Amino acid sequence: MIKTLLAIIGALTSLQAYADLSIADFENKSKTRSTNTYLLGLSAGLNAANNQLSNINQVPLYCFPPYLNLTTNNYREIISLGIKDLTPSNPVKPTVDEVLLKQLIKLYPCGYN
């Protein structure tokens with residue numbers, strides 16, 4: 001399980017070298033088409049990784065309630081909540097990717113976490 005989780009985290013962090021969305025960019029461009037496209041791709045990737053964990057009988061990172069279908073606006077709100085929770089004194093600012101994953105884990109716990 002740990003190897004699988006590390007592989008997923010490694011894959012997500014390696015993608016940051018090519019494309020990531022900073023909090024400042026998210027706040028400045030939150031309603032643009034490119035941001036919507038980015039959020040759709042990010043959420044699809046996180047959901048695919050989460051589903052793969054379930055498919056190989058590993059503990060998923062988060063568990064949506066049955067029949068929940070989040071929209072781009074929902075993901076934007078979840079990220080905004082996560083940004084509000086950040087400690088201003090922390091010099092290292094996470095990316096939107098990290099904020100979204102942390103918030104999904106917090107908002108939709110599986111009972112295993």
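1. Buried denotes under 20% relative accessible area, exposed over 50%, and partly exposed the range in between (1.4 Å probe, protein chains only). Because its relative accessibility is 28%, Phe64 counts as partly exposed.

2. The model is predicted: local features need pLDDT of at least 70, side-chain atom pairs count only at pLDDT 80 or more, and totals for chains, interfaces and linings use all residues. Residues are numbered from 1 along each chain as its sequence is written, and side-chain values use heavy atoms, with hydrogens and water left out.

3. The structure contains 1 disulfide, a term for a pair of cysteine sulfur atoms within 2.5 Å. Cys63 and Cys110 form this bond, with an S to S distance of 2.0 Å. Their link is right-handed, with 105 degrees about the S-S bond. Cys63 lies in the loop between helix H3 (33-55) and helix H4 (72-84), and Cys110 in the segment after helix H5 (96-107), so distant parts of the chain, 47 residues apart, are linked (helices are DSSP runs of H or I, at least four residues, numbered from the N terminus).

4. The two cysteines fall into separate accessibility classes. Cys63 is partly exposed because its relative accessibility is 26%; Cys110, at 16%, counts as buried.

5. Aromatic pairs number 2; rings of Phe, Tyr and Trp (its six-membered ring) pair if their centres lie within 6.5 Å, with planes under 30 degrees apart counted as stacked, over 60 as edge-to-face and the rest as tilted. Phe64 and Tyr108 are edge-to-face, at 5.1 Å centre to centre and 70 degrees between the planes. Tyr108 is buried, at 15% relative accessibility. Ring pairs join Tyr62, Phe64 and Tyr108 in a cluster.

Methods:
Helices (H or I, at least four residues) and strands (E, at least two) are DSSP runs, numbered from the N terminus.
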